[in-house]
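Me: Please take me through this model one feature at a time, giving the general idea before the case in hand.

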Amino acid sequence: MQKLFKLASIALAAVAATGVQAQDFPAAGKTITIVVPFTAGGPTDRVARDLADSMRKHLNNATIVIDNSAGAGSAIGIAKVARANPDGYTLLLNHIGMATVPTLYRKLSFNVLNDFEYLGIINDVPMTLIGKPTLPADNYKELIAWIGKNQGKVNLANAGVGSASHLCGLMLQSTLKTEMTPVPYKGAAPAIADLMGNQVDLLCDQTTNTTAQIESKKVKAYGVTTPKRLTTPALKDLPTLDESGLKNFQVTVWHGLYAPKGTPAAVTKKVNEAMRLALKEPEFIKKEEQLGAVIAADARTSPEGHKKFVQSEIETWGKVIKAAGAYAD
């Protein structure tokens, strides 16, 4: 009985300690690290830094730093957070890669659905289909005709395996039931540079990377991948691919926030509440609009809605990746 009493006391003490820890989160002087599984300066990094600026005021003005742990289509950064201490001081901000990595990489040290606490979706970033300046097609209808006449000769740039542009390209080919020659680059910048230089034919990439080039008419723009036209001044007159004839073609790069599995519920609740408040901050909204992003304002901002959404995205992209045989390993 004494042994059982001792064990029970230890268990109760542990629970009490966890409760105190959660209640005091974040503790004074403790730094919260948000791991971004991509290089600094990119779209996901910018979202993370903007979010951190808005979240800290709702987390006792805690210091929040960004840790860029890039590589393997975001798998390196994901694995780092999966191994981290589940205390709320190490978080992960990732994009659509959270749903594609499980299929792209067939041997992983983590399970996306089982090894993380889901904290909410932050935003959606539309994609745009753009072409080289000399491409002899001025609208989507003419583009489809040109692709039909050049079967086997069309090349499609992307920012590397697992990138948003790579995924959009796979979905585009699957929907059109045609094959294009992929041309991978080490990032979006060199891919867009070669597109503007007429070295490649097409690219499907985020508005965060393409809006300036579309506005300055350095590339040809054929449509956006959202169900409705965008309100961004530079893109408001650009038709959706759906209205142009590519029915039900919707691709967005969403960003979500995660914590290691086992992070106390009280802590994840605080982080989720801080994130939701940040999404309503006028300054954060303004920064996201400048990136061409749309702030999440639906059930996906809840942990339950977030996880359910990612699960459906894993199924959707799994089919596309498997059909293309586009594995990264």
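**Reading the model**

Reply: Let us begin with helix α5, where the exposed residues K141 and K149 sit on the face turned away from the buried side. Buried means under 20% relative accessible area, exposed over 50%, and partly exposed in between, with a 1.4 Å probe and protein chains only. Helices (H or I, at least four residues) and strands (E, at least two) are DSSP runs numbered from the N terminus. The model is predicted, so to speak of a local feature takes pLDDT of at least 70 and to count a side-chain atom pair takes 80 or more, while totals for chains, interfaces and linings use all residues. Residues are numbered from 1 along each chain as its sequence is written, and side-chain values use heavy atoms, leaving out hydrogens and water.

Me: Which residues of α5 are buried, and why do they line one face of the helix?

Reply: In α5, which spans residues 140-149, the buried residues are Y140, L143, W146 and I147. Because they fall within an arc of 115 degrees when seen down the axis, they line one face of the helix; the arc is taken over the directions from the helix axis to the C-beta atoms. Their cover includes β4 (116-131), α6, β7 (202-206), β8 (220-224) and α9 (241-244), where contact means heavy atoms within 4.5 Å.

Me: What does a side-chain oxygen of N139 reach at the start of α5, and where is E142 placed?

Reply: The idea here is the polar contact, a pair of N or O atoms within 3.5 Å; within protein, one must be able to donate a hydrogen and the other to accept it, and residues adjacent in sequence count only if both atoms are side-chain atoms. At the start of α5, the oxygen of N139 comes to within 3.2 Å of the backbone nitrogen of K141. E142 lies in α5 and is partly exposed at 37% relative accessible area, and its side chain reaches the backbone nitrogen of D138 at 2.8 Å. In the loop between β10 (294-295) and α12, a polar side-chain atom of D298 lies 3.0 Å from the backbone nitrogen of R300.

Me: How should I read the packing of α6 against α12, and at what angle do their axes cross?

Reply: Two packed helices are described by the angle between their axes and the distance between the axes. The axes of α6 and α12 (residues 303-324) come within 10 Å and cross at roughly 75 degrees, which makes α6 roughly perpendicular to α12, a label for angles from 65 to 115 degrees. L167, C168, L170 and M171 of α6 meet T316, W317, V320, I321 and A324 of α12, and these residues divide into 8 nonpolar, 1 polar and no charged.

Me: Which peptide bond is cis, and what is the phi of S74 and of K177?

Reply: Most residues other than glycine have a negative phi, and most peptide bonds are trans. The bond from F25 to P26 is cis, with omega near -10 degrees, and P26 lies in the loop between α1 (2-23) and β1 (31-36). S74, in the loop between β2 (63-68) and α3 (75-82), has a positive phi near 95 degrees and is buried at 0% relative accessible area. K177, in the loop between α6 (164-176) and β6 (181-184), has a positive phi of about 55 degrees, and at 76% relative accessibility K177 counts as exposed.

Definitions and conventions. Axes are lines fitted to C-alpha atoms, for helices over the stretch in contact, and angles run from 0 to 180 degrees between N-to-C directions. Angles under 35 degrees count as roughly parallel, over 145 as roughly antiparallel, 65 to 115 as roughly perpendicular and the rest as oblique. Ala, Val, Leu, Ile, Met, Phe, Trp, Tyr, Cys and Pro count as nonpolar, Asp, Glu, Lys and Arg as charged, and the others, Gly among them, as polar.
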